[in-house]
There are 2 protein chains.
Amino acid sequence: MNGISMYAASVPVFVRQIENLSRILVKAESFAGERNIAAETIMNYRLAPDMLPFSRQVQIVSDSSKGAAARLTGKDIPRYEDNEKTFAELQQRLEKTRGFLAGLDKKDFEGADNRSIELKVGSETLTFDGMTYLLHFALPNFYFHYTTAYDILRHVGLGIGKRDFLGRT
Amino acid sequence: MNGISMYAASVPVFVRQIENLSRILVKAESFAGERNIAAETIMNYRLAPDMLPFSRQVQIVSDSSKGAAARLTGKDIPRYEDNEKTFAELQQRLEKTRGFLAGLDKKDFEGADNRSIELKVGSETLTFDGMTYLLHFALPNFYFHYTTAYDILRHVGLGIGKRDFLGRT
């Protein structure tokens, strides 16, 4: 084959990183238990006062992946309540997201590279073709929140490394 | 067209984010000047004692992108000295990297999806086909270091936002 399908560039990428994040959350929950750090403290931890806290970073890993996959395939975006307050609830959120992504078929992505995508960001409406949206908006945004969730956990002292982030190859 | 070329999934993505990072460095340098923060303090800033400092994060944004593009096209990887200690020197590093990437041609990437990639990581040798390498190793690694550089700057107080990270669409 020559080139990358829109499916291959999105669904397996999102699923893999969500699975990596899920394994990192297991380690974070153990770490918090061992150090007597309340889960709430980690949920609310921020790298700067005007950055989003840890739980929101994880929620947006979910939102940015399910939103991208739904928009590219013309499906309704699954809506979740953003009420997760524990590691277990964040795990459920990631698992629901993974399930939605895993339920999509390669065929759902036919023509996704040329599909017109409209995105409301604040008061602005951004318009992309599907390929530009995926490569220059959805993937960087997804990785931004995944990395920032990881960086918050490293900052509070969790001993994880690049291999946890990338997953086993 | 149907699907994404290996060129489109790599070179323009790397170039765009390197240009975004370059603009962020301009803001970081001004910020450091206004607050009387020595450039060295920012260069050496880490989110955790066992994470790499800011200057290394930026160097690895360079390394991960030039390395990926060179491996996928069978070219020699440009080697730089990793001796940058100022904002101006990091800007030059990014500009050299951008120049190398911009000099690559779409034709250089023919067959890159199936090219066999070997990568030494510590004492291990990882083997990938080109597509798996790009999607599941090179891009996540690139975004990891770009986001962590951004997160360090946010943590020390620089007032930038998602729009600086993603760039103008």
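I started with burial: 56% of the 169 residues in chain A are buried. Buried here is under 20% relative accessible area, exposed is over 50%, and partly exposed lies in between, with a 1.4 Å probe and protein chains only.

I noted the ground rules. The model is predicted, so local features need pLDDT of at least 70 and side-chain atom pairs pLDDT 80 or more, while totals for chains, interfaces and linings use all residues. Residues are numbered from 1 along each chain, chains are lettered from A in the order written, and side-chain values use heavy atoms without hydrogens or water.

Next I checked the size. The C-alpha trace of chain A spans about 50 × 40 × 25 Å along its principal axes.

I looked up contacts (heavy atoms within 4.5 Å). In chain A, 70% of those with a separation of 6 or more join residues 24 or more positions apart.

Then I read the elements, which are DSSP runs: helices H or I of at least four residues, strands E of at least two. Chain A has 6 helices and 2 strands, in the order α-α-α-α-β-β-α-α.

Last, I took the strands of chain B. β1(B), residues 116-121, runs antiparallel to β2(B), residues 124-129, with 6 bridges; pairing needs at least two. Ile117(B) has Phe128(B) as its bridge partner. The hairpin has 2 residues between its strands, and Gly122(B) in the turn has a positive phi of about 60°.
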